[in-house]
Amino acid sequence: MIQNEIVNGIFARRSTRKFTEQKIDDVQLETLLEAARWAPSGGNNQSWLFTAIQNKEILLKINKMVREGFQIWIPDDDYPGKQGAKLSSQREDYNFYYHAPTLIIASNRPNYENAMADCALALENIFLAAQSMGLGSCYINQLHWLRNDTKLRDYLFELGIPKEHTICSSAAIGYIGKESNAPLRKEGTVHIIK
Ligand SMILES: Cc1cc2nc3c(=O)[nH]c(=O)nc-3n(C[C@H](O)[C@H](O)[C@H](O)COP(=O)(O)O)c2cc1C
C-alpha cells in the first residue's frame, strides 16, 4: 500500500475518549477551523457554521442540558446506541464530550439536503488535522440527537448558533489522555469492478 503523511494519518487516527485538561492553543484551533472551512461542500455552498467552545463553564452547562434533554427527547424504543447513551446520561459523572477542553459544533442551514454530508467532511478534515498535530478527537453525536430540544437550542442561540440551523455534529478535541484501540474493520465492505 502507498504510504505518505496523509494516508498514514488516516490509519493512525482514532476516536479519543479520554483527554487531558491541557487546552489546545489558538494557532492549533485556528488551523483546525481552517481545515474545516476548506472541506468540499455540495455546490460549494459553505453554508455551515463551526462554533468552537473552550469555556469550561459553558461546556458543563451544555452537558447538564444534554443530560436533561436525553430523558425528555430520546424515546425508549430508539436505536441501541442512543438508548445506551440515555442510560449513561443518568449517571452524575456523565460527560458527553469526554471532558475535552474544546468542542466544535458544526451546524448548517435548514432544508439543505447536503447539510450532514458537508459537515461530516469538514469534521473529518478536523480529525485528520488534529491527528497530524498529535491531538485526539472524537465525533460527538449528542447535540445532533437533541437538535430539536428547545431549551438547548435557546442556549445555543445565546452562543450564536442560529435557531433555524440544524445541528449536524460536533467534534471533541484535545490532548490524548488514553490511547484508543483500533476497532477491527469489517471484511466484505469493499467491491472492485474492473
Ligand atoms: C456518525 C458518527 C457518530 C458518532 N458518534 C459518536 C459519539 O456520539 N460518541 C463517541 O464516542 N463516538 C462516536 N463516533 C465514533 C465511532 O464510534 C468511531 O468512529 C468508531 O467506533 C470507529 O473507531 P475509530 O474512529 O477509532 O476508528 C461516531 C462516529 C460517527 C461516524
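A: Let's start with burial: 42% of the 194 residues in the protein chain count as buried, where buried means under 20% relative accessible area, exposed means over 50% and partly exposed is in between, with a 1.4 Å probe and protein chains only. Keep in mind that this is a predicted model, where local features need pLDDT of at least 70 and side-chain atom pairs count only at pLDDT 80 or more, while totals for chains, interfaces and linings use all residues. Residues are numbered from 1 along each chain as its sequence is written, and side-chain values use heavy atoms, with hydrogens and water left out.

Now for the packing itself. The largest nonpolar core has 26 residues; such a core is a set of buried Ala, Val, Leu, Ile, Met, Phe, Trp, Tyr and Cys residues joined through side-chain atoms within 4.5 Å. Ile-62, Val-66, Phe-96, Leu-103, Ile-105, Leu-143 and Ala-172 touch the most other members. Two or more residues each come from helix 3 (56-73), strand 2 (102-108), strand 3 (136-140), helix 6 (142-145), helix 7 (150-158) and strand 4 (166-174). Helix 3 is the top contributor, giving five residues. Helices (H or I, at least four residues) and strands (E, at least two) are DSSP runs, numbered from the N terminus.

Zoom in on Ile-62. Setting aside neighbours within four places in sequence, Ile-62 is in contact with Ile-53, Phe-96, Leu-143, Leu-152, Tyr-155, Leu-156 and Leu-159, contact being heavy atoms within 4.5 Å. Apart from this core lies another, of 23 residues, including Ile-24, Leu-29, Ala-35 and Ala-171.

Stepping back, the protein chain has seven helices and four strands, running α-α-β-α-α-β-α-β-α-α-β from the N terminus. Its radius of gyration, taken over C-alpha atoms, is 17 Å, close to the 16 Å from the globule rule (2.2 Å times the number of residues to the power 0.38), so the protein chain is as compact as a globular protein of that length. The C-alpha atoms fill a box of roughly 50 × 40 × 40 Å along the principal axes. Among contacts between residues at least 6 apart in sequence, 80% join residues at least 24 apart.

Most residues other than glycine have a negative phi. Asn-44, in the loop between helix 2 (26-37) and strand 1 (49-53), has a positive phi near 55 degrees. Asn-44 counts as exposed, at 55% relative accessibility. His-99 also has a positive phi, about 55 degrees, and lies in the loop between helix 4 (80-88) and strand 2. At 48% relative accessibility, His-99 counts as partly exposed.

Two other spots are worth a click. Thr-150 belongs to helix 7 and is exposed, with a relative accessible area of 53%. Its C-alpha atom is 20 Å from that of Met-116, 34 residues away along the chain. Asn-181 is in the segment after strand 4 and counts as exposed, at 71% relative accessibility. Asn-181 and Ser-15 are 166 residues apart in sequence, yet 8.9 Å apart C-alpha to C-alpha.
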